[in-house]
Structures are given as C-alpha cells and as structure tokens.
Amino acid sequence: MLMMSPYTTTLTGNERPNELHDYPIVYVQPVAWGDMDAFNHVNNVAYYRYAESARISYLHALAMFKGETLTILAGSSCNYLRPVRYPDTLLIGVKCTKIGNTSLSMAYEYYSTAQQAIVANATATIVRTDKDGNKQAWTEDERNILNDFKG
C-alpha cells in the first residue's frame, strides 16, 4: 500500500520489491540532479541525508514522534555497492534490528528502481533523550511498538 503523509511517501505490503520484503517501511526517495557530484554519481553525503529521511519516516509511521520523545544520532555507516545517477528513485528499506535500554540499532537497504538492484546498505544507532540531551530509557509502550516493527 502506498501511504502519504505530510512527512513522507512510503511503501508497505506487496508494493515493496522482493529485495525489501523484510523491511516493514520502505521510504521513497527521488534522486535530484543536485545530489550528484563531479564524478556524475550521487555523492556519498546524500546517502546519509536519505537515511535520515527514511529514519524519520519510520519513526513517524510508528507514531514515535510525540513531544517528549527525542532522539539523537550516535553513529552511522554506509556501504556503497553500485553508483547511482540521476534520474532514479531509491526505495529505502528501514528497520530496527536491536532495541537497547536507551538506543536503537537500525538497518537500511537502498534499492534503485532504475537498476532494479540494491545499490547500498547502511546502519545507524540512535539514542532516546530528554529535552536536555540526557539519555532516557524507552517506555514500555515504545518498546511494544518497536518490537511490532522489528526486523
């Protein structure tokens, strides 16, 4: 099913490519001309922006952006498997792979609709904090929601 919200466009269910079937949320990311660099492919920094957008989309889909739920990015990495060029649309599968006391480990797969292939994968760790930046444990309700969507 194609879901539209003020924040994002996502794919769920059978609209996801088989390669992203294990990802409960798939974020749709059009590649912009300005995302390319002098080497005529999408610049590595763009992948981190794409992951951020996919992560926010995921958390919104889980209704995790309540006023008191704040997160910060503690770490991230990305593996580039194939170059991506404009025009293209990436489908970015995002899921939680581990729920810690105050942290989440997340995984991403970037699927190129032009190449019909996975072109990158990435990981990230986010930490739940209060408004002052102090670590906060995930609530029982948040853990239940995250476990329902855990990969």
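Biologist: Which residues of α1 are buried?

Modeller: In this predicted model, the buried residues of α1 are Ala46, Tyr47, Tyr50, Ala51, Ala54, Arg55, Ser57, Tyr58 and Leu59.

Biologist: How many residues does α1 have, and how far does it reach?

Modeller: One compares the distance between the two end C-alpha atoms with the span expected at 1.5 Å a residue. For α1, which has 18 residues, the distance from the first C-alpha to the last is 26 Å, close to the expected 26 Å.

Biologist: What should I look at around the two ends of α1?

Modeller: At the start of α1, a side-chain oxygen of asparagine 43 comes within 2.9 Å of the backbone nitrogen of valine 45. Just after α1 comes alanine 63, whose phi is positive, at about 55°. Alanine 63 belongs to the loop between α1 and β4, and it counts as partly exposed because its relative accessible area is 46%, which lies between the 20% and 50% cut-offs.

Biologist: Where is asparagine 40 placed, and what is its phi?

Modeller: Asparagine 40 sits in the loop between β3 and α1, and its phi is near 65°, a positive value in a residue other than glycine. Its relative accessibility is 40%, so asparagine 40 counts as partly exposed.

Biologist: How do I read a nonpolar core, and which residues have the most contacts inside the largest one?

Modeller: The idea is to start from buried nonpolar residues and join those whose side-chain atoms lie within 4.5 Å of one another. The largest core found in this way has 31 residues, and those with the most contacts inside it are Tyr58, Tyr108 and Tyr110. The elements that give two or more residues to this core are α1 and the strands β3, β5, β6 and β7, and α1 gives the most, with seven residues. Apart from this core lies another, of eight residues, among them Leu11, Tyr23, Leu91 and Ala107.

Biologist: How many salt bridges does a search of the whole structure find?

Modeller: The search finds two. In one of them, arginine 49 pairs with aspartate 35, and the closest N and O atoms are 3.1 Å apart, which is a salt bridge because the cut-off is 4 Å. Arginine 49 lies in helix α1 and aspartate 35 in the loop between β3 and α1, 14 residues apart, and the pair links distant parts of the chain. Arginine 49 is partly exposed at 41% relative accessibility, whereas aspartate 35 is buried at 10%.

Biologist: Which side chains meet in a salt bridge of 2.9 Å, and what parts does that pair tie together?

Modeller: They are the side chains of glutamate 142 and arginine 128. Glutamate 142 is in helix α2 and arginine 128 in strand β7, so the pair ties together parts that are 14 residues apart in sequence. Glutamate 142 counts as buried at 3% relative accessibility, and arginine 128 counts as buried at 5%.

Biologist: What does arginine 143 touch, not counting residues up to four places away in sequence?

Modeller: Arginine 143, which is found in helix α2, touches Ile99, Gly100, Asn101 and Trp138. Arginine 143 and glycine 100 are 43 residues apart in sequence, while their C-alpha atoms are 9.5 Å apart in space. With a relative accessible area of 25%, arginine 143 is partly exposed.

Biologist: Which residues does a cis peptide bond join?

Modeller: The cis bond joins tyrosine 86 and proline 87, with omega at about -5°. Proline 87 lies in the loop between β4 and β5.

Key
Residues numbered from 1 in each chain as written. Predicted model: local features only at pLDDT ≥ 70, side-chain atom pairs only at ≥ 80, totals over all residues. Heavy atoms only, no water. Helix = DSSP H or I, 4+ residues; strand = E, 2+ residues; numbered from the N terminus. Buried < 20%, exposed > 50% of the residue type's maximum accessible area, 1.4 Å probe, protein only. Contact = heavy atoms within 4.5 Å. Expected span 1.5 Å × (residues − 1). Polar contact = N/O pair within 3.5 Å; in protein donor to acceptor, adjacent residues only side chain to side chain.
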